[in-house]
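This report goes through selected features of the structure shown below.

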Amino acid sequence: MRESASAFLFLFLMFTAFAGEAAGNPELRAGVFDPPRAAPDFSLRGSDGSELTLSHYRGKVIALGFGYTHCPSVCPTTLAYLAEARKKLASAAGNFQVLYVTVDPERDSADQLKAFLASFDSTFVGATGTPQQLAAVRAAYGITLSDKIFVDTQPKSTYFLDHSSFIYLIDQGGKLRAMMPFGVSTDDMEHDVKALLSE
Amino acid sequence: MWLATIPRTPTRRGTGDLGPPYPTSSGRDVFCMNHRLRYGVLAMLLIAALGIPAWAAFAPVDSESRDLVYEIPKGTFARRQAGEKFDLIPAAIRLTIGVRDVLVMKNHDDVPQLFGPVLIMPGQSFRLPFRKASTYLFTCPLHTSGLLTIIVEPEPELGWKRLQWRTEAAVQFAALL
């Protein structure tokens, strides 16, 4: 009797230890950083016109992306898939926040960002700032950006930009946990956001 | 009687056994052994000729580790600052789903490094698994083209494709020797 009670206790302790470890390190489908570092905070102008800081969203899982409203393909695709992933999260969506930082402050005003993002999901928040502020944020996150690319067939004022197309996932504690490459499925995004929310 | 004229074969070791209706000289034994050996070798060759391709075509594909690891050694930044030019990572990386489909990048240097698509802190590693066969393009300042291409091939299907994949892998391995 005593032996079986000890065996039960041992198994229970093993199970709780394993479950605790599993809960602390959920298996993510995105690319993961080990060890994760604190996501660099920033202070920019939000698409609603107010000051936007990353730390303001502590307690939520954040999908942080970089792009611009004139982007012909990558940004609309990414935002559409983030909107789809958010829908799949259903009741958990309230704890998931998409932040999109412009790489093109020359053309992306706060209003322009707001209108563009709202066409995908009204909860998405954009951020803009001075070229120097945005360059500092890109450097902190390792975001690459090309010079302006002009195309002969387009008017002279029209240009395109090549930029990093992935999405960072920041956990509820503000740690930069993972990177989702462009083109992954909404299921993968949903899976990873849920995993981070369950911690 | 004609029966009486049929010569009797000598009995084997005096046991009364008439033995096989052919002479059992030692030369004939060697002949038989050579025959058996030849058949054995042929059978083994046949088994190998059919068995190895069958194994290659149908055996499950797996590997000890699915990680393909690239590392930035300590002192890389200093070497670059000194004007040395070198590549830490090829411009194109091939992965295969189910076999080697996880790209791992480790930074052992003292400064943050943009390695492939991401910024990796000193002492940090980045593990990127691939679940879908495709060609992925990442901006990468480490390359003159500015691009890192990751070609992720599907898990080789049972049969001809798996055989072809194993043959190519064997040829590549042989080329390295």
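How far does H2(A) reach from its first C-alpha to its last? In this predicted model, the helix has 16 residues and reaches 23 Å, close to the 22 Å expected at 1.5 Å a residue.

**Helix H2 of chain A**

The buried residues of H2(A) are Cys75(A), Thr78(A), Leu79(A), Tyr81(A), Leu82(A), Ala85(A) and Arg86(A). Viewed down the helix axis, these buried residues fall within an arc of 165°, so they line one face of H2(A). An α-helix has 3.6 residues a turn, so residues three or four places apart point the same way. The partners of the buried residues of H2(A) are strands E4 (61–67), E5 and E9 (167–170), together with helices H3 (110–118) and H5 (186–197), of chain A.

Ala90(A) follows H2(A) and is found in the loop between this helix (74–89) and strand E5 (96–102) of chain A. Ala90(A) is not a glycine, yet its phi is positive, at about 50°. Is Ala90(A) buried or exposed? Ala90(A) is exposed, because 9 other C-beta atoms lie within 10 Å, and the limit for an exposed residue is 12 or fewer.

**Other points in chain A**

Another backbone feature is the cis peptide bond between Asp34(A) and Pro35(A), with an omega of about -5°. Pro35(A) belongs to strand E1 (residues 31–38) of chain A.

The largest nonpolar core has 67 residues. Those with the most contacts inside this core are Leu99(A), Val101(A), Leu169(A), Ala178(A) and Met180(A). With neighbours within four places in sequence left aside, Ala178(A) is in contact with Leu28(A), Ala30(A), Gly31(A), Val32(A), Phe33(A), Leu169(A) and Asp192(A).

Gln172(A) lies in the loop between E9 and strand E10 (175–180) of chain A. Gln172(A) counts as partly exposed because it has 16 C-beta neighbours inside 10 Å. Which residues does Gln172(A) touch, not counting those up to four places away in sequence? They are Gly59(A), Lys60(A), Val61(A), Leu196(A) and Glu199(A). Gln172(A) and Glu199(A) are 27 residues apart in sequence, while their C-alpha atoms are 8.5 Å apart in space.

The secondary structure of chain B comes to three helices and eight strands. From the N terminus on, the order of these elements is α-β-α-β-β-β-β-β-β-β-α. Chain B is divided into domain 1 (24–58) and domain 2 (67–155), and the C-alpha centres of these two domains lie 51 Å apart. Among contacts in chain B between residues at least 6 apart in sequence, 59% join residues at least 24 apart.

| Item | Value |
|---|---|
| Chain B, average pLDDT | 80 |
| Chain B, residues with pLDDT at least 70 | 82% |
| Chain B, share of its 177 residues that count as buried | 15% |
| Complex, ipTM | 0.77 |
| Complex, pTM | 0.73 |

How many residues of chain B are in contact with chain A? The count is 16 residues of chain B, in contact with 16 residues of chain A. On the side of chain B that touches chain A, the elements giving two or more residues are strands E5 (118–120), E6 (125–129) and E7 (134–139) of chain B. E6(B) gives the most, with five residues.

Definitions and conventions: Residues are numbered from 1 along each chain as its sequence is written. Chains are lettered from A and ligands numbered from 1 in the order in which they are written. This is a predicted model: local features need pLDDT of at least 70, side-chain atom pairs count only at pLDDT 80 or more; totals for chains, interfaces and linings use all residues. Helices (H or I, at least four residues) and strands (E, at least two) are DSSP runs, numbered from the N terminus. A residue is buried if 20 or more other C-beta atoms lie within 10 Å of its own, exposed if 12 or fewer, and partly exposed in between; C-beta atoms are placed from the backbone. pLDDT is the predictor's confidence in each residue, from 0 to 100. The expected span of a helix is 1.5 Å times one less than its number of residues. The arc is that of the directions from the helix axis to the C-beta atoms. Two residues are in contact if their C-beta atoms, placed from the backbone, lie within 7 Å. A nonpolar core is a set of buried Ala, Val, Leu, Ile, Met, Phe, Trp, Tyr and Cys residues joined through C-beta atoms within 7 Å. Domain bounds come from an automatic or database domain assignment.
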